[in-house]
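Subject: Handing over the structure

Hi there,

Here is the structure I promised to pass on to you. Please have a look at the sequence and the coordinates first, and then read on for what turned up.

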Amino acid sequence: MADCHIPYDPKEEHTLVIIKPDGYRRGLIGEVISRIERRGFKIVGLQTKTATREELEEHYFEHKDKHFFESLVSYMTSGPIVLMVIEGSRVIQAFRNMMGDTNPAVALPGTIRGDLARDWGPDAQIQNIVHGSDSVQSADREIALWFPYMID
């Protein structure tokens, strides 16, 4: 996939969505995009890439001192990811609800993680298909990192 960018409406709320390497590997890109579009949100930025360690250290800076950081970075650099900026009314909370719980074993049916992710066992890195920004501040920071050309 090449980079895709359509007009960014400054009056709308925006969030960053990442389809993680397991979602890419398992061919779930279309399923995730379909759920976003069926919900009525607009994709205004789209790119596929393999993230670097440096990009992921900046993206996940708040987790840098946590025990799972190294395995998270290893997982996120294990293959291509799909990055999207989506927009719409209350899109941050709506997409977080669509994702479901971080742990796929307890994510509710009907959510992306509840329907598509799986528990990889107690010693494995959680592979849960998607990431979504958790606040307006996080969304602004994450979008600026991955889509700097979209920021004025």
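By class, the lining of the largest pocket has 6 nonpolar, 10 polar and 7 charged residues. Here Ala, Val, Leu, Ile, Met, Phe, Trp, Tyr, Cys and Pro count as nonpolar, Asp, Glu, Lys and Arg as charged, and the others, Gly among them, as polar.

Two notes on the basis of all this. The model is predicted, with local features needing pLDDT of at least 70 and side-chain atom pairs counting only at pLDDT 80 or more, while totals for chains, interfaces and linings use all residues. Residues are numbered from 1 along each chain as its sequence is written, and side-chain values use heavy atoms, with hydrogens and water left out.

**The largest pocket**

The volume of the largest pocket is about 490 Å³. On a 1 Å grid over the protein atoms alone, a pocket is an open set of points where a 1.4 Å probe fits, with protein on both sides within 12 Å along at least five of seven lines, and lining residues have an atom within 4 Å of a point. Grid points are joined across faces, edges and corners, and the volume is the space filled by probe spheres set on the points.

There are 23 lining residues, and Lys20, Tyr60, His63, Thr102 and His131 lie nearest the centre of the pocket. At least two lining residues come from each of α5 (91–99), β5 (130–132) and α7 (136–146); helices (H or I, at least four residues) and strands (E, at least two) are DSSP runs, numbered from the N terminus.

**Annotated residues**

The unreviewed UniProt entry places the feature "binding site" at Lys20, Phe68, Arg96, Thr102, Arg113 and Asn128. Of these, the pocket lining includes Lys20, Phe68, Arg96, Thr102, Arg113 and Asn128. The unreviewed entry also places the feature "active site" at His131. UniProt positions are in the numbering used here, feature names are shortened, and annotations may be inferred rather than shown by experiment.

His131 lies in strand β5 and is buried, with a relative accessible area of 12%. Buried means under 20% relative accessible area, exposed over 50%, and partly exposed in between (1.4 Å probe, protein chains only). Leaving aside neighbours within four places in sequence, His131 has contacts (heavy atoms within 4.5 Å) that include Lys20, Tyr60, Arg113 and Glu142.

Arg113 sits in helix α6 (residues 112–116) and is buried at 5% relative accessible area. Beyond four places in sequence, Arg113 touches, among others, Lys20, Thr102, Asn128 and His131.

His63 is placed in the loop between α3 and α4 (69–76). His63 counts as buried because its relative accessible area is 19%, and outside four places in sequence His63 is in contact with Phe68 and Phe69.

Glu55 lies in helix α3 (residues 53–59), and its side chain reaches the backbone nitrogen of Thr52 at 2.9 Å. That is a polar contact: a pair of N or O atoms within 3.5 Å, where within protein one must be able to donate a hydrogen and the other to accept it, and residues adjacent in sequence count only if both atoms are side-chain atoms. Not counting residues up to four places away, Glu55 touches Lys49, Thr50, Leu145 and Trp146.

A polar atom of the Gln47 side chain lies 2.7 Å from the backbone oxygen of Trp146, and Gln47 is buried at 8% relative accessibility.

Glu57 is also in helix α3 and is partly exposed at 22%. Glu57 and Leu145 are 88 residues apart in sequence and 11 Å apart in space, C-alpha to C-alpha.

**Two backbone angles to look at**

Most residues other than glycine have a negative phi. Arg90, in the loop between β4 (81–88) and α5, has a positive phi of about 55° and is exposed at 66%. Ile129, in the loop between α6 and β5, has a positive phi near 75° and is buried at 0%.

Best wishes
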